[in-house]
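Here is a short tour of a structure, with a stop at the interface and then a look inside. Have the sequence and the 3D view open as you read.

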Amino acid sequence: MNAGALELVCPAGTPAALRAAVDAGADSVYCGFRDRTNARNYPGLNFDPDELVEGIAYAHDRGRKVLVAINTFPPAGDTGPWCLAVDRAAEAGADAVILADIGLLAYATRTHPSLRRHLSVQASAANAPSIRYYRDHFGVRRVVLPRVLSIEEVGALVADTGIETEVFAFGSVGPMSEGRCFLSSYLCGVSPTSEGACAPANHVSYVESDGRVLSKLGPVTLNAFAPGEPAAYPTPCKGRYVTHGRASYLFEEPVALNALAILPELRAAGVTALKIEGRQRSRAYVAQVVGAFRQALDALARGQSVEPHLSALRQEAEGGRETFGAYRKGWK
Amino acid sequence: MQTPHDLEDLGHALPVPTSAPPAGVDDGGTPLALLQFGAIWLPRSVAHAVATAVLRSVERAHPRLPRNLLALDPAVVHVIPNDLPYGFALAFGRDPARLGVIPREAHGADATIRASTRVLVDLLEGRIDSDSLFFRRDLIVSGNTAVVVGLRNVLDREPLMLADELARVLGRFAPATRAVARRLNGWVEALQERVAAAHRVLHPREPDASETFRAELDRHRAEIAALTARLAQFEARQKRRDDKSA
């Protein structure tokens, strides 16, 4: 990777997706173990220790890195699986671990001091004192910034904290309370923060009714889609709720973040790395999105416009719509 | 919930409807047409035998697949191609996986997946993303979503290519079958082209309202994006002025 180039950090929910990401041009791939120690704990997804070793070998042979997300919060009296996950990532030769919990950060700092530590978006560190605290106490080398900041604010944080920043460039967007969202707990008892799964699939159902498809989480109907209407993930934050007799998206609309058009601005703000969201998605998605961003970044590095690549990903977007999210927010 | 042992009773077996891409085996096209034609005529016993043989061949070629299927909660998934007169039942979890052929209206599945044959094959072979299909409503899932998500994730771990799997099952007959498939595909494509040409003559194309609407929508989106950007710049300038004056 050229000095000053944006590092492309890509998701892998399976070994096949890891290979797809590397082959499509990822600089780094992030993944997690097959348990609740990471925020994408879905059936059939993630890596066992042997698969992680093989995946790291595949990436390292091609000069790429593997980052291991251990970014949920251990409950009281049950920190064992999280510490074990850190140990296994270190033994496998991971290039970094992505952590959120302070206790786990302390464990990793003490037990594996040479293992690079990144601060997960789940830690929700969005201001300079908070980031400096993690940097100074746990030797955190990179912070994954929550999706609540404008480009100007990102630039200010880069200048204030002096550590690497990673920002989301593509994928699903939530109601902007990362690491603090328990919405799905109210409907089905688990949340991404506690069990690594938002709106877990075993609580989701789809029902045909009067020509519409109803998406339900537990007993609650979250949305109703007319024939041909783009659908959304069945998460509580993207429910269409009836207030004053009218159904509307109260928290978040079904729309995907796509920062392709503002890559030059993110680079100018001093961002180190771009994160593609979507470990829960298929290797086809990974190949498509990573390939599009690789081409755009290469064009940027050659001093060319990213314009020709802008429409490449609309089909992958939730709800078929894209947004710059908070990067260009006109609100506070 | 059905167990894998109930699969024999899932209904009248029909021929195995599947298609295969060209990669890895055949540069001349997929054997989709061959399989669809064959599907009409194959007797039930042969269809079951082929389905089982393909599944076992896949498991031998991808040894982690049966292990990962066993690790899932036991379930039966019905896969119903929109463009075929029958579907499949796949049972997995706890016991070795089993694949059967079922009527489209068969009951008893924990979950059902509906899409076109082409979409289903592309999904299996990792060429398209199921979430994107879901957003566009090209893939309909009903029943226990966790079962489908688990199965999708397990299958997506493997580089499956139906043409390769069928070639393995067919053994020394594979080259001859590929030749027939190529010929059949050519005939079907030519026929489809003729039908399409005739349709164009009989029904001259009028401007598509949905395309016009989509273009209009795209223009509005671009305008909104530009306005949002200008507004953000304006606000940033205003903030700097306010900070200075403060």
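## Where the chains meet

The contact (heavy atoms within 4.5 Å) draws on 51 residues from chain A and 43 residues from chain B. About 3300 Å² is buried between chain A and chain B, and carbon and sulfur atoms give 47% of that; buried area here is the accessible area (1.4 Å probe) that two parts lose on being put together, summed over both. On the chain A side, the residues that lose the most area to chain B are Tyr206(A), Arg283(A) and Arg328(A), together 20% of what that side buries.

Before going further, a word on the ground rules. This is a predicted model, with local features needing pLDDT of at least 70 and side-chain atom pairs counting only at pLDDT 80 or more, while totals for chains, interfaces and linings use all residues. Residues are numbered from 1 along each chain as its sequence is written, chains are lettered from A and ligands numbered from 1 in the order in which they are written, and side-chain values use heavy atoms, with hydrogens and water left out.

## What holds the polar side of the contact

Between chain A and chain B there are 16 residue pairs in polar contact, both residues at pLDDT 80 or more. A polar contact is a pair of N or O atoms within 3.5 Å; within protein, one must be able to donate a hydrogen and the other to accept it, and residues adjacent in sequence count only if both atoms are side-chain atoms. Which parts of chain A each supply at least two residues of the side that touches chain B? They are helix H1 (15-24), helix H2 (49-61), strand S8 (204-209) and helix H10 (283-301). S8(A) gives the most to that side, with four residues. (Helices, H or I of at least four residues, and strands, E of at least two, are DSSP runs numbered from the N terminus.)

By residue type, the side of chain A that touches chain B splits into 22 nonpolar, 13 polar and 16 charged. For that count, Ala, Val, Leu, Ile, Met, Phe, Trp, Tyr, Cys and Pro are nonpolar, Asp, Glu, Lys and Arg are charged, and the others, Gly among them, are polar.

## Salt bridges across the interface

Side chains of opposite charge can pair when their charged atoms come close. The rule used here asks for a side-chain nitrogen of Lys or Arg within 4 Å of a carboxyl oxygen of Asp or Glu. It finds six salt bridges across the interface of chain A and chain B. One of them joins Asp129(B) to Arg281(A), with the closest N and O atoms 2.6 Å apart.

Another salt bridge pairs Asp48(A) with Arg67(B), at 3.4 Å from N to O. This pair crosses between chains: Asp48(A) sits in the loop between strand S2 (28-31) and H2 of chain A, while Arg67(B) belongs to helix H3 (residues 64-71) of chain B. Asp48(A) is buried at 17% relative accessible area, whereas Arg67(B) is partly exposed at 42%. (Buried means under 20% relative accessible area, exposed over 50%, partly exposed in between, with a 1.4 Å probe and protein chains only.)

## Salt bridges within chain A

Over all chains, the structure holds 22 salt bridges. Arg135(A) and Asp136(A) make one of them, at 2.8 Å from N to O. Arg135(A) is partly exposed at 26%, and Asp136(A) is exposed at 53%.

In helix H10 of chain A, Asp298(A) and Arg294(A) lie four residues apart, about one turn of the helix. Their side chains meet in a salt bridge at 3.3 Å, N to O. Asp298(A) is partly exposed at 31%, but Arg294(A) is buried at 16%. There is also a network of salt bridges that links Glu7(A), Arg116(A), Arg142(A), Glu164(A), Glu166(A) and Lys275(A).

## Inside chain A

Chain A has 10 helices and 15 strands, and 58% of its 332 residues count as buried. Among its contacts between residues at least 6 apart in sequence, 62% join residues at least 24 apart.

Take Ser172(A), in strand S7 (residues 164-172) of chain A. Ser172(A) is buried, at 18% relative accessible area. Neighbours within four places in sequence aside, Ser172(A) is in contact with Arg147(A), Tyr233(A), Lys238(A), Glu277(A) and Glu318(A).
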